[in-house]
Every structure is written in C-alpha cells, then in structure tokens.
Amino acid sequence: MTAFNILLVILVSVAGTFLAEALSWFFVYRTDEYKRLKSNVEKLQQRVDKGKEILSANAAKTSSTSSTAVVPAAPSTTTTATASEKKEKKSAKEKKATRYDDMLEEANKGLTQARAKSSIAVGAAMIGLLALMNRYFDGVLVARLPFEPFGFLQTMSHRGLPGTDYYDCNMIFLYILCNFGIRGNIQRMMGTQPPKQSFFPPPQ
C-alpha cells in the first residue's frame, strides 16, 4: 500500500467520471430533444409542487374548520349549496393535480429513455477502464479502511487480496467510493445532473 496507489485510483476515478459525463453530454445532454424534455419536466414539476401545496393548505384549512365548527340546528339550502360547490372545486383541483402527476410521470419516462441512449457508450468505456486498472492492481493492497465492511461489501472490498484482514481494501472498492463521492459534484460542474423530482404523493 502506497500513497501513490491511492492517489492514482482517485485520479482515475475523477478522470473516468469526467469521461462518462462527457460522453453523456455528447450523445444526450447537448441535444435539442433532451433540452426540450428537461424543460418540460421542470415546468411540470413546478406545477405539481404548486398543486400539492394548494391541496395541503386546503386540507389543513378544512381540518381546522371542522374541528372548530358548531353543528347548526337545521342547515339551510344556501349552506348546502355552498358546501356542494366547495366539494366540486376540491374535486376539480384533485383531478387537475392527478393529471399533472400523470403528465410528469410520462415526461420523466421520456427523459429516462433519452438518457439511456448514452448508457452503452458509457458502460463500454467504464468496463474498459476498470479492466485496465484491475490488470495493474490485481492482488495489490491499495488502502486501509477505517471500518470493517460487512456482508457483500466485505467480499467486494477484499476480493483478490491475500489474508483475512478485512480492513484491507482493493482498487475496485476504493474506486467505487470515490465515484460515489465525486460524481454529483462533477455533474453539477458540467451541468449534466438530472432535474430534481418530488417523491411525496399529494395529500388526500
């Protein structure tokens, strides 16, 4: 284990991530089709979030009104009509929010399909890079982990290394850790990060 090996793996991870994002940009992110799909997803996401905020506020208002209301002796026709109108408006807003949710889901599918076009090129490049690195670092102790991995992580981090000291780390595991740590930053730097999505369903 040497500092040079650790630095080399980190540099290769950074270079590999830049290469993957550059290929993705060339095949997908620079195209007008992807830009149109991304803009559509972002607009729909804003409408969905706004609709959820309105429904949530209305639900909270209805709950507060119900808990403090006094039951009348005999409801009038006007009161009944007003309640019916409010119910229809609420139903219309819920249907509109559901429609935007469906449109957003379809738009996200289109965006995912567009990004999938670069998967083959990126996958081939990464497999070639890892095969080259694995040939150089086969059976080489690259780093010492500050923790002992468990389960399949232990198998991954110690694969190809001699002995039973599971604090020892091979090249593949360090490469994956570095990749997870830097990929998001590189995507933000290159402007290739996917649009943010909301995973919370609208209130009932």
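Tutor: C169 is buried, at a relative accessible area of 0%; buried means under 20%, exposed over 50%, and partly exposed in between, with a 1.4 Å probe and protein chains only. This is a predicted model, in which local features need pLDDT of at least 70 and side-chain atom pairs count only at pLDDT 80 or more, while totals for chains, interfaces and linings use all residues. Residues are numbered from 1 along each chain as its sequence is written, and side-chain values use heavy atoms, with hydrogens and water left out.

Zero disulfides turn up in a search of the whole structure, a disulfide being a pair of cysteine sulfur atoms within 2.5 Å. C169 is in none, since its nearest cysteine sulfur, that of C178, is 8.8 Å away, which is too far for a bond. C178 is also counted as buried, at 13% relative accessibility.

The charged pairs come next. A salt bridge requires a side-chain nitrogen of Lys or Arg within 4 Å of a carboxyl oxygen of Asp or Glu, and the structure holds four. One of them joins D168 to R144, with the closest N and O atoms 2.8 Å apart. This pair links distant parts of the chain, with D168 in strand β2 (residues 168-169) and R144 in strand β1 (residues 143-144), 24 residues apart. Helices (H or I, at least four residues) and strands (E, at least two) are DSSP runs, numbered from the N terminus. D168 is buried at 11% relative accessibility, whereas R144 is partly exposed at 42%. R144, D165 and D168 are linked in a network of salt bridges.

Another salt bridge pairs E21 with R183, at 3.4 Å between the closest N and O atoms. Here E21 belongs to helix α1 and R183 to helix α6, 162 residues apart. E21 is buried at 2% relative accessibility, and R183 is partly exposed at 42%.
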